[in-house]
Amino acid sequence: MKSYQIVGIGNAVVDVISQSDDSFLDLMGIEKGIMQLVERERGEVLYAAMEGRVQTPGGSVANTIAGAGALGLDAAFIGRVHDDALGRFYAEAMKDDGVDFVNPPVPGGELPTSRSMIFVSPDGERSMNTYLGISSELSSKDVPGDVAGKSQIMFLEGYLFDKEKGKAAFLEAARTCHKGGGKAGIAISDPFCVERHRVDFLLLIENELDFLIGNEAEIKSLFETDDLEDALAKTAAICPLVVCTRSGDGVTVLSEGNRIDVPVEKIVPVDATGAGDQFAAGFLYGMATARDYETCARMGNICAREVISHIGPRPEANMLNLLREDGLL
């Protein structure tokens with residue numbers, strides 16, 4: 001049975017990206033710079049209004065796993081798609097990215113394949129309108145034990161925590177990964193995920209996980225505080241490894257009482273879509289290849305810098321070459 005250096009579980013979402021200005025966002029009633037969940041009908045309206053659409057396989061953790069695969073890790077992704085045109089596109093595109101998509105499209109699936117309409121403003125901000133569709137129905141039945149048990153790193157997506165079946169899938173995946181000697185962690189994903197399920201989220205982090213990755217807002221939301229330092233201290237008290245991205249202020253890594261602050265090179269983004277996802281890809285690549293945490297963070301910063309330099313949530317450059325150029329390989 002094949003072993004994997006990294007396995008992700010998350011929403012299998014087709015990203016549909018279009019450039020637009022603020023007046024268009026106002027006209028369509030789109031709130032700038034955030035992710036909004038939309039119903040199927042609203043999604044169809046927004047899709048029809050998009051010009052110059054670019055279609056790519058997406059989903060937060062799926063983007064991370066694709067980025068890790070592009071760096072050369074043996075990678076797999078666990079997600080749920082319908083056996084429709086978008087679902088087949090998604091499965092094939094993940095394979096083309098070098099990632100084993102271990103769940104075949106579901107014939108007669110209960111909902112259509114998920115998709116996110118992403119409007120990119122001239123300042124690089126992205127406004128995401130996501131129809132979750134079938135991906136949000138992922139359950140323990142979709143988590144192959146022989147995949148979870150053979151993973152060195154298991155990476156979970158906070159967005160899937162909204163349903164009881166998703167929570168159960170996370171628990172089973174993390175425990176199966178641990179039984180096989182691997183480490184399990186989570187991308188917090190969004191402050192609103194935490195607000196809806198704070199108690200369960202904290203229990204999962206404290207009792208089942210080895211690491212978490214989140215931005216300032218997400219980590220502050222864990223303990224309902226506006227004080228980042230307080231939130232970091234409380235999170236580090238329940239989780240062995242805490243990684244906090246702070247946009248232009250760099251990255252903070254807390255582990256076993258030690259703190260590392262790694263600066264970031266500030267650039268003007270072309271498209272901020274996928275910055276956090278690709279940071280995670282670089283960081284987890286470093287973990288999987290036994291780098292120290294400062295090097296992991298530097299690798300994550302380079303991956304994030306590359307992805308915000310162009311349209312789309314996945315790397316276009318040869319990331320291994322970029323890491324070599326910075327003396328990290």
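This is a predicted model: local features need pLDDT of at least 70, side-chain atom pairs count only at pLDDT 80 or more; totals for chains, interfaces and linings use all residues.
User: What makes the size of the chain agree with that of a compact globule?

Analyst: A compact globule of 329 residues would have a radius of gyration near 20 Å, and the chain has 18 Å, so the two agree. The C-alpha trace spans about 50 × 40 × 40 Å along its principal axes. Within the chain there are 13 helices and 14 strands. Of the 329 residues, 56% count as buried. Among contacts between residues at least 6 apart in sequence, 72% join residues at least 24 apart.

User: How do you know how the span of helix α4 stands against the expected value?

Analyst: Helix α4 covers residues 85-96, which makes 12 residues. From its first C-alpha to its last it reaches 16 Å, close to the 16 Å expected at 1.5 Å a residue.

User: Which residues of α4 are buried, and why are they said to lie on the same side?

Analyst: The buried residues are Leu86, Gly87, Tyr90, Ala91, Ala93 and Met94. They cover an arc of only 165° around the axis, and therefore they lie on the same side of α4. The face turned away from that buried side carries the exposed residues Ala85 and Asp96. The buried residues of α4 pack against several elements, including β2 (13-19), β4 (54-58) and α3 (60-70). Just after α4, Gly98 takes a positive phi of about 85°.

User: Why is His310 called buried, and what does it touch?

Analyst: The relative accessible area of His310 is 9%. His310 is found in the loop between α12 (293-307) and α13 (319-325). Leaving aside residues up to four places away in sequence, His310 touches Val270, Asp271, Pro315 and Glu316.

User: What makes the pairing of His310 with Glu306 a polar contact?

Analyst: The side chains of His310 and Glu306 make this contact at 3.1 Å.

User: Where is Pro315, and what does it touch?

Analyst: Pro315 also has its place in the loop between α12 and α13. With residues up to four places away in sequence not counted, Pro315 touches Gly67, Ala70, Gln278, Glu306, Val307 and His310. The C-alpha atoms of Pro315 and Asn63 are separated by 9.3 Å, although these residues are 252 residues apart along the chain.

User: How do you know how many disulfides there are?

Analyst: The count comes to zero disulfides. For Cys177, the nearest cysteine sulfur is that of Cys239, 14 Å away. A disulfide needs sulfur atoms within 2.5 Å, so Cys177 is in no disulfide. For Cys193, the nearest cysteine sulfur is that of Cys244, 16 Å away, and Cys193 is likewise in no disulfide. Cys177 is buried at a relative accessible area of 0%, and Cys193 counts as buried at 1%.

User: Are Ser189 and Glu256 called buried or exposed, and why?

Analyst: Ser189 has 13% relative accessibility, under the 20% limit, so it counts as buried. Glu256 has 72%, over the 50% limit, so it counts as exposed. Ser189 is found in the loop between β10 (183-187) and α7 (191-196), whereas Glu256 lies in the loop between β13 (251-255) and β14 (258-262).

User: What is the phi of each of these two residues?

Analyst: Ser189 has a positive phi of about 85° although it is not a glycine. Glu256, a residue other than glycine, has a positive phi near 50°.

Notes: Residues are numbered from 1 along each chain as its sequence is written. Side-chain values use heavy atoms; hydrogens and water are left out. Helices (H or I, at least four residues) and strands (E, at least two) are DSSP runs, numbered from the N terminus. The expected span of a helix is 1.5 Å times one less than its number of residues. Buried means under 20% relative accessible area, exposed over 50%, partly exposed in between (1.4 Å probe, protein chains only). The arc is that of the directions from the helix axis to the C-beta atoms. Contact means heavy atoms within 4.5 Å. A polar contact is a pair of N or O atoms within 3.5 Å; within protein, one must be able to donate a hydrogen and the other to accept it, and residues adjacent in sequence count only if both atoms are side-chain atoms. The radius of gyration is taken over C-alpha atoms; the globule rule is 2.2 Å times the number of residues to the power 0.38.
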